[in-house]
Amino acid sequence: MPRYLSLVRIQENTIDMEDADPGFQERMGALFEEITKAGVMLDTAGLHPTAEATRLTWSDGKVGYTDGPFTETKEVVGGYALMQCKDKAEALEWSKRFLEVHPKHWTVGLEVREVEDMPQSDA
């Protein structure tokens, strides 16, 4: 079955967990329990703030390093989920349900992409 990576996109300085409604954690926990029992969720996690990140770039044959925060970036990846679904439609349905759990006044986006399986070597 294909795997899909769902990248959670947020505006880092506008999301505050203290601002979530009282039932948010319970709704999220129930959804994660359901998606795990369904055998769909392979891995998921939130990410530390970009202030703790380092970007590496390859340009002109050299590696460059830039420490966060990245002020020029409006939207960042705040977390991810790796899911195994029968097709993209199923991955999109679970992703939609994930978004609907969040407080209405938050802006959260998801980018859902199929994972390309690499050929296995015989070594």
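In β4, Lys-62 is the bridge partner of Ser-59. That pair belongs to a hairpin of β3 and β4. Elsewhere, an open sheet of 4 strands runs in the order β2-β5-β1-β6. Helices and strands here are DSSP runs, numbered from the N terminus (helices: H or I, at least four residues; strands: E, at least two).

The model is predicted: local features need pLDDT of at least 70, side-chain atom pairs count only at pLDDT 80 or more, and totals for chains, interfaces and linings use all residues. Residues are numbered from 1 along each chain as its sequence is written, and side-chain values use heavy atoms, with hydrogens and water left out.

**The β3-β4 hairpin**
- Strand β3 (residues 54-59) and β4 run antiparallel, joined by 6 bridges. Strands count as paired if DSSP finds at least two bridges between them.
- The hairpin has 2 residues between its strands. Asp-60, in the turn, has a positive phi of about 50 degrees.
- Buried means under 20% relative accessible area, exposed over 50%, and partly exposed in between (1.4 Å probe, protein chains only).

**The open sheet**
- Pairing in the 4-stranded sheet is antiparallel.
- β2 (41-46) and β6 (108-114) are the edge strands; each has a single partner strand, so one side of each is left without a neighbour in the sheet.
- On average, neighbouring strands of this sheet are turned by 20 degrees against each other, direction ignored.
- Strand β1 (residues 3-10) is joined to β6 by 7 bridges. Val-8 has Leu-110 in β6 as its bridge partner.

**Helix α2 on the sheet**
- Helix α2 (residues 88-101) lies across β1, β5 (76-84) and β6, at about 165 degrees to β6. Axes are lines fitted to C-alpha atoms, for helices over the stretch in contact; angles run from 0 to 180 degrees between N-to-C directions.
- Ser-95 sits in this helix. Ser-95 counts as buried because its relative accessibility is 5%.
- Leaving aside neighbours within four places in sequence, Ser-95 contacts (heavy atoms within 4.5 Å) Ser-6, Met-83, Leu-110 and Val-112.

**The nonpolar core**
- The largest nonpolar core has 21 residues. Such a core is a set of buried Ala, Val, Leu, Ile, Met, Phe, Trp, Tyr and Cys residues joined through side-chain atoms within 4.5 Å.
- Phe-24, Ile-35, Val-40, Met-83, Cys-85, Ala-91 and Trp-94 touch the most other members.
- β1, α1 (24-37), β5, α2 and β6 each supply at least two residues of this core.
- Not counting residues up to four places away in sequence, Cys-85 touches Met-1, Pro-2, Tyr-4, Val-40, Glu-90, Ala-91 and Trp-94.
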